[in-house]
Amino acid sequence: MAESNLPRRRIIAQKPKGNLQGLKPNQIKRLSRLYQRQFPTDDCYTLEQARELAEISADTGRQLALLIDRQGKVSMVLVGDNRSIYIPELPRARMASGRLRGLRLLHTHLAAESLSQEDLMDMVFLRLDSVAALTVREGFPETVEAAHLLPPNPEDKSYEVLEPVRWDRFSHDLGAITAALEDEFGRQEDGKGTGSDENRALLVSVDDTPRPVQELSLAELAELADTAGLTAAGTMIQRVRKQNPKFILGKGKLAELEVRALQANASIIVFDQELSPTQIRNLAEITERKIIDRTQLILDIFAQHATSKSGKLQVEMAQLKYTLPRLVGKNRAMSRLMGGIGGRGPGETKLEIDRRRANDRLTRLKSELDQVRKHRTQTRERRAKAGLPVVSLVGYTNAGKSTLLNTLTQSKVLAEDKLFATLDPTSRRIRFPEEREVVLTDTVGFIRRLPPDLKEAFRATLEELDSADLLVLVCDASHPEVEEQVEAVRAILDEMELADIPSILVLNKWDKLDEEGREAMRNVYPEGIPAVAVDRPTLEPVVQAILTNLPWEKQVP
């Protein structure tokens, strides 16, 4: 007898959570007994359990909810008010990006209402196996309605809401539905076969531009993700007149986004737009996936690829400037205490320390970068005294600048088919025909919507262009957005007041174009010089154009 009573005493010790104010001791006791119930794994409930829930809900005048695990044990009993119920933060067990939580929600409705939008949102964001609502009228169960998530499907539906039925005629096997659902998610993951789910990302664009423009921008974001070591597992596009200042997109679309991430087995969501500190914080509170934006992705790439001391300084400075306004005290790692008399606590202290350290580090970085600029200025002055003309390669990232430098100078500068493979400026002396020498400089690639902080931090790198006698603008002629890329580069040069420096345009990757594409390029850029950076003979017209446009009076005899 003692052994049989031991589990009962241990379970009764658990108390319901939520709105318990005003409840009588015997009502709380009845709620606590719900922890003892063993629910069926192949059905929603037994008829006795449905009656018990209806009686307690009617007696308390409040909605009740049970979180039930896959063994049929009650994990949590929750009490709401007469219209809604709040689910607290749940343990993060079993939370691989492509898995459900292993809990289903069964709760009561005191009015004749269907599953609410909030019920469905809870199911989505908490990744519950299923959710079911039991309607209670005058202390008796009346109807039941259930819903569950869906795997990828042609209709792009996020979930399925089953038809409501009389409470004693529910015939769906929720356990079997959950097992089939996770099997399907597993097959999707195996079919993609692209490494750890920790590096799988869903790419999202929320903008007022037309869908084709957003699609092209997401294609570039996918290249950035690949460079950063992420796998683009899917995309989602929403065209809006105005971005939601709280979440960037609406709550309904957020639910669709969460399901898309689950279906794609993605643990990271990357937004193509820069998120405000408020948006990042709000998104992090409703989803357990990592949220980053385009700026963070670019900063991460720069951090991976910076090799020189100056490059690392510039990246760190940009990261600090991005992070500083996003240092907030209200998160899981810090106290939620407010400032003011009686409200100062360790959270605020840590926050202020973090901010002070960040500001102090920024001051030191600016000083060190000033030294880098002075050193490079001295180097440029020495070149000027030697009378060597300077030719700077500029262009969109991954246009082939480093490859062109390697081919012309027979160097081995890192050149990869990735965005921002080269971050630090590289200069090489090259001897042209007629014993003429020039300094050929490779610079960091440009990109549209380059983060302002990053643009400022890399001013030391781009200052190499100030002393250039000629700019060689290299573009990827085979890229579908070549015109937009050339325009972006020219806009940045104009912004830096470098538009007055003579320039030539090199139409790289000419071999990738068919005859129709080549004719189109000739019409758009009649001044452009066709070339293939890896093929030295095709660069002879480029060399000739450089010789023609350089001020050779600087050359020392």
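D129 is buried in this predicted model. Its relative accessible area is 4%. Even so, D129 has a charged partner: R70 forms a salt bridge with it, with the closest N and O atoms 2.7 Å apart. The two residues sit 59 residues apart and link distant parts of the chain. R70 lies in the loop between β2 (64-69) and β3 (74-79). D129 lies in the loop between α4 (117-125) and β5 (131-137). R70 counts as partly exposed, at 31% relative accessibility.

Why can such side chains pair? Side chains of opposite charge can do so when their charged atoms come close.

Now move further along the chain. K509 forms a salt bridge with D476, and the closest N and O atoms are 3.4 Å apart. K509 is in the loop between β17 (503-508) and α16 (515-524), while D476 belongs to strand β16 (residues 470-476), so the pair ties together parts 33 residues apart in sequence. Both K509 and D476 are buried.

Next comes helix α16 itself. Here R522 and E519 meet through their side chains in a salt bridge, at 3.4 Å from N to O. They are three residues apart in the helix, so about one helical turn separates them. R522 is partly exposed at 37% relative accessible area. E519 is also partly exposed, at 39%.

Step back to the whole structure. A search finds 22 salt bridges. Some join into a network: E220, D272, R294, R448 and E481 are linked this way.

The search of the whole structure finds zero. As for cysteines, C44 is buried at 1% relative accessible area, and C475 is buried at 4%.

Terms used: Residues numbered from 1 in each chain as written. Predicted model: local features only at pLDDT ≥ 70, side-chain atom pairs only at ≥ 80, totals over all residues. Heavy atoms only, no water. Disulfide = S-S within 2.5 Å. Buried < 20%, exposed > 50% of the residue type's maximum accessible area, 1.4 Å probe, protein only. Salt bridge = Lys/Arg side-chain N within 4 Å of Asp/Glu carboxyl O. Helix = DSSP H or I, 4+ residues; strand = E, 2+ residues; numbered from the N terminus.
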